[in-house]
Amino acid sequence: MKFLDEYREADSVQRLADSIARTVKRPWTLMEVCGGQTHSIVRYGVDRLLPPQIELVHGPGCPVCVTPLETIDRAHAIASQTGVLFCSFGDMLRVPGSHGDLLQLKSAGCDVRIVYSPLDALQLAEAHPERRVVFFAVGFETTAPANAMAVHVARKRCIANFSMLVSHVRVPPAIEAIFQSPDNRVQGLLGPGHVCTVMGTSEYEPLARKCGVPIVIGGFEPLDLLEGIWMTVRQLEEGRAQVENQYRRAVRPEGNPASLRLLQEVFETVDRKWRGIGTIPASGFRLREQYHAFDAERIYGVGDLRTEESTVCISGEILRGLKKPPQCPAFGKECTPETPLGATMVSTEGACAAYHAAGRHLPGTPEKRSAS
Ligand code: SF4
């Protein structure tokens, strides 16, 4: 397939892997931040092409994975109410809350639907004025503009039966929290390509300077990932900590100005709790005051709901790059994609799901041997 296969071409992949091997002199731990990058790395075996000095750990860039349990429980509390038509993307419906997942609510008779865009939810609200339509808005800066647009349009058209349960998160504060944690292992970062198509690269400059960590904004195909790793390793070996852009075909330094204006109009930053990590200052978006009439958390009074996380699941340590899925005792045993105990096994972008899909839970794989 043109424009895709060229980023997976075997000879070029090998040449880049050889360049990395020639460049690296010391051991380095690198983190890729996006769930999409994690999946490509595991699916194409990019990590297995690297010299032994380089370890890849997986960051908190899967939106479903970092949505706190209590937010899932808030979604359940809203979706259970009479007259509510609750919509979200498919992944969110399978994430277990304290009392099961949203699909179980659906099978119990609640009106829970999968949509492919927040604008689909808005259309449902217009088509069913007698119903109260709630869209579960989860994700990073990448999905925030579409959600902002839905609320913006709802306000403009006075669609009063539409609201949004917002649990948006921002990448830079989470990365800073990881870099500044006393147990941090990450020495170089493959930055979030899709997020930066919206936000640009300027937020990452002070982060690289302050924390002394090179950040290379990277793409998602094998050649993107290997080139990004090579650029990161080159900086580390030369003692530099700068922001570089490997994903130039999609990311401009200034981002997408129209999306940025919309985000600024609809959302304000807020402290946000991340699953397995805790509360990170200024790491989320919430609706501004002029959009409070569309804020489901306020309308349904579920903001005070609190829930304790499972003690079995180590996804918090995985999301901070401290451990990998095969180090979880439940991985591939009690916890599988069919019976997920934690969000990193539910989402198609989660690290545990990626390792499982690639068969890395099976006896005899290198990961399985080193974890046992
Ligand atoms: S394998 Fe399951 S229980 Fe273990 S960390 Fe991953 S999601 Fe959590």
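Colleague: How many disulfides does a search of the whole structure find?

Modeller: In general, a disulfide is a covalent bond between the sulfur atoms of two cysteines. In this predicted model, a search of the whole structure finds one. Its partners are Cys-62 and Cys-65, with an S to S distance of 2.3 Å.

Colleague: What is the handedness of the link between Cys-62 and Cys-65?

Modeller: The link of Cys-62 and Cys-65 is right-handed, with 75 degrees about the S-S bond.

Colleague: Are Cys-62 and Cys-65 buried or exposed?

Modeller: The term buried applies under 20% relative accessible area. Cys-62 has a relative accessible area of 3% and is therefore buried. Cys-65, at 1%, is likewise buried. By contrast, Cys-211 is in no disulfide, and the nearest cysteine sulfur, that of Cys-196, is 16 Å away.

Colleague: Where does the ligand sit, and which residues surround the ligand?

Modeller: The ligand sits in the largest cavity. The residues around the ligand include Cys-313, Ile-314, Ser-315, Phe-331, Cys-335, Thr-344 and Cys-352. Two elements, helix H15 (315–319) and helix H16 (343–346), each give two or more residues to this shell. Of the shell residues named above, Cys-335 is buried, because its relative accessible area is 8%.

Colleague: How do the residues of the shell around the ligand divide into nonpolar, polar and charged?

Modeller: The shell holds nine nonpolar residues, three polar residues and no charged residues.

Colleague: From which domains does the shell around the ligand draw at least three residues?

Modeller: Domain 1 (1–328) and domain 2 (329–371) each contribute at least three residues to the shell around the ligand.

Colleague: What distance separates the C-alpha atoms of His-128 and Leu-16, and where does His-128 lie?

Modeller: The C-alpha atoms of His-128 and Leu-16 are separated by 54 Å, and the two residues are 112 residues apart along the chain. His-128 is found in the loop between helix H7 (118–127) and strand E5 (132–139). With a relative accessible area of 26%, His-128 is partly exposed.

Notes. Residues are numbered from 1 along each chain as its sequence is written. This is a predicted model: local features need pLDDT of at least 70, side-chain atom pairs count only at pLDDT 80 or more; totals for chains, interfaces and linings use all residues. Side-chain values use heavy atoms; hydrogens and water are left out. A disulfide is a pair of cysteine sulfur atoms within 2.5 Å. Buried means under 20% relative accessible area, exposed over 50%, partly exposed in between (1.4 Å probe, protein chains only). A residue is near a molecule or strand if one of its heavy atoms lies within 4 Å of it. On a 1 Å grid over the protein atoms alone, a cavity is a set of points where a 1.4 Å probe fits but cannot get out, and a pocket is an open set with protein on both sides within 12 Å along at least five of seven lines; lining residues have an atom within 4 Å of a point. A molecule sits in a cavity or pocket if more than half of its atoms lie within 2 Å of its grid points. Helices (H or I, at least four residues) and strands (E, at least two) are DSSP runs, numbered from the N terminus. Ala, Val, Leu, Ile, Met, Phe, Trp, Tyr, Cys and Pro count as nonpolar, Asp, Glu, Lys and Arg as charged, and the others, Gly among them, as polar. Domain bounds come from an automatic or database domain assignment.
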